[in-house]
Amino acid sequence: MTVHKLRPRQRPADRGRLPASDSASRVEARTPEPVGEGVPFAVTRISPEARRAADRVLASGWVTTGPETERFEHDFAEHVSASHAVAVSSCTAGLELALRALRLPAGGRVLVPAVTFCGAAHAVLHAGLRPVLVDVDPRTGMPTPATVARAARASGCPHAMMVMHYAGSPAPLAELAEAAHLPLTHVIEDAAHAVGTTVGDQPVGSLSRATCFSFYATKNLPIGEGGMVTTDDAELAGLIRRGRLHGMSADAWRRLPGGSWRYTVEEAGLKANMTDVQAAVGRAQLRHLEDWQRRRQALAERYEAALGTVPGLARLEPAAAGVHARHLCVVRVLREYGTDRDELIERLAERGIGTSVHFIPLHHMPYFQRAALIPAGGLPGADTLFPQLLSLPLYPHLRERALDRVCGELARLGARRPAPRTRRRTGLRMPATGGAAPGQALARDPAPTPQAGLDVVGVPHDDPAQRRDGVNGALPAFGRLVGTWADVSAFGLLVGSRADVSAHRVEAVVVAGPGPVADCFRRMARAAEAEGAGSRHQPSFIAALLRDMRSGAMRSMDARALRRLQLELHGEAPHTDDGVISDGTVLPMTVEEAIDLLLEMERNDTADVRRVLAELLAGFPTFPLARQMHARLADPHLDDF
C-alpha cells in the first residue's frame, strides 16, 4: 500500500480542540478548515473517555489481558450480534488463528482476493496453507461468483475461502461460497474494513464460521492496534482463545490472582493477545461508533454528489445489498479523466492533499508470485483495476470545507486535458500477448521494452471490463486472443483486426514465450500476416523482463533454444548486439540475456562470472547495465560485483 503522509500544520494549543465534556466526544465538523490547510489522508482521534479509561487501567496494576479484555469481548460480540468474541493483537493474527482452528490439511488451498492487503495472504501461509488468488470485478473491487468458480477450478478443490468486505462494502457471502462449492463453515471473513457493514439486514460478524475485525489506527473503530474474531461456534472460539496465547490452557489472569499456576499446551499457538489497556480504549471508542458511522455516511454522500459529474472518476459499485461501512472512499481514475492515477496522486500531494491506494494486487509482488497459486490466464480484472484505484480522505473529523477542497481540486485537475504526448519511436511497434505472467507484467509496466527493440502498443481484451474500459493495465486493449496457453496450435497469439493494425500502426506480432515449436510459430506467423502484420520471435523481450519474472512462467526459459529457433525460422545471422565469449564463440543471444544466464550458472565461481561479464560489456557501453557499472551503481541482481 502506498500512503502519502501529510503532517497538518501546528496550531495554537487552544485552537480546534474538542472541549472536554461528554457532548464533546461527538463529531465536531462545523468549524471550517483554514484556507490552505493540508488535508491528511487519515487522522486518528482517541476520545476523552478512552483516554480516561486507559489511565484507569494503567493505575489498576493489571495492564495485560484480563477483565477489561473480557468486557470488551462481551460488548463487541453484542454489537455485531455474535455469540462469542475473542480479542487478538491484530486482524492478521485473527485470520491466521481462525484458519488454524478450521483444522484444514497441511498445504490446503484457501481462496483469497487478489486485491487485498498482503497480511491476509501471509495469514494463510503462516497457517500452513496455500493462498489461491481470486480475480476481482473492476467495477466493485471484489470477486464475483464467476471469478471464484474459476479460481476454485484452478485449485482443484479449495479447502476454505477468505471473503473480504472491500472498503466496507458488503460482499455477496453466500453466493461466493456457493460458487466455490464450500459451506459457510469453511468461510472466514476479512472484516478489517467492515465494522458497521451489513449484508442485507444482517450485521457482519456472525454470517460465516469466523469474522476478523481490525482496530488499526485508521479503521472505523480505532485503538491503534488490535483485532477481534467473532463466531457463533463455541468450540472454535475456545481454540482461538487458547491459540492467541501459545496454545496455553489458561492465561495469566486465570492463573495468577489466586488461581492455579498449572497449565498445559496441547497444540501450537501464537503470541497474539490484546492488552487491557487496548481493550479499555476500545470499549470507550465503541460508544461513539454509531455517531462516527453516521458522519462517515454523510461525508461519503457529499463526495458522491460532488464527484458524480467529473468525467473519468467513477465510484465503485456495490457487490451486494446491505449497509456500506464507509471505511474508505475509493474512486476509479479512468482514461477519460485525462491524468493517470499516479500523476494525480502527486498533483494532489503538491496541493497538500493526502491520498492512498488500496491495494497493490498480491500477484504483483515477487513473494506471492512464488507462494500463491495464480489461475491460468492471470488476473485481468485486478490488473485493470489497480492503476485506477485511488482512496480519498475519509474520517469522522474531516470537515466539509476540506472535503469540498479535495473535490474541487479533483475537478480542476481532471479538466486539464493536456495534448497527448507524441511517443518517441523506440522500436518495432507490436501488440503483446497478455494471458500469462509476462504479458500481464508488460501491461502493468511497458517501460522495459525499448531495450529489447520493441514498442508495445496494446494487449488483448479478453476480459469484458477491458473491452468496456479499453485498457489493460497501463496499455490500450484491442484485438482478440486466439487460443490459450494450453492450446499449442494457437499459443495465445494476439490477432487484431485490420482496423486495429492500421489504427495502432502495428508492424509485427511478437511471440515472447518459453518454447513454442517451429511449426506452431509458423502457423501463428501466417495468422498475423493475414491481418496485415508481420511476425517476429523475440526472446530478448523476455530477457528484458527476466528480473521481474524469475518466479513466473519464464522460470524454465531456455534463451539459447529460443534464439536458435528464431534463426531457424528467419534464416538470420547473429545481430551486432550479440555477445562474444572469451573463447571467440558467438553467443546466440543478446548481452542482457547472457548476463542473466551467467548469473544462474552455479558452476562458475565469482571470478569467472566477473571475467566473462566484463568481456561482454566491454564492447557495449550503451547498455543500461554497462552504464550502471561504469557509474559504480549497484544492480540488485549483481551482489557479487
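In helix α3, Thr 92, Leu 95, Glu 96, Leu 99 and Arg 100 are in contact (heavy atoms within 4.5 Å) with Gly 119, Ala 120, Ala 123, Val 124 and His 126 of helix α4. Sorted by type, the residues of this contact are 5 nonpolar, 3 polar and 2 charged; here Ala, Val, Leu, Ile, Met, Phe, Trp, Tyr, Cys and Pro count as nonpolar, Asp, Glu, Lys and Arg as charged, and the others, Gly among them, as polar.

Helix α3 covers residues 91–101 and α4 residues 118–126, and their axes come within 8 Å, crossing at roughly 35°. Axes are lines fitted to C-alpha atoms over the stretch in contact, with angles from 0 to 180 degrees between N-to-C directions.

## About the model

This is a predicted model, in which local features need pLDDT of at least 70 and side-chain atom pairs count only at pLDDT 80 or more, while totals for chains, interfaces and linings use all residues. Residues are numbered from 1 along each chain as its sequence is written, and side-chain values use heavy atoms, leaving out hydrogens and water.

## The nonpolar core

Let's look inside. Of the 641 residues in the protein, 53% are buried (under 20% relative accessible area, with a 1.4 Å probe and protein chains only). The largest nonpolar core has 124 residues, and Phe 76, Met 161 and Tyr 166 have the most contacts inside it. Helix α3 gives the most to this core, with 7 residues. Such a core is a set of buried Ala, Val, Leu, Ile, Met, Phe, Trp, Tyr and Cys residues joined through side-chain atoms within 4.5 Å.

Leaving aside residues up to four places away in sequence, Met 161 touches several residues, including Val 110, Leu 111, Val 148 and Ile 188.

Terms used
Helix = DSSP H or I, 4+ residues; strand = E, 2+ residues; numbered from the N terminus. Buried < 20%, exposed > 50% of the residue type's maximum accessible area, 1.4 Å probe, protein only.
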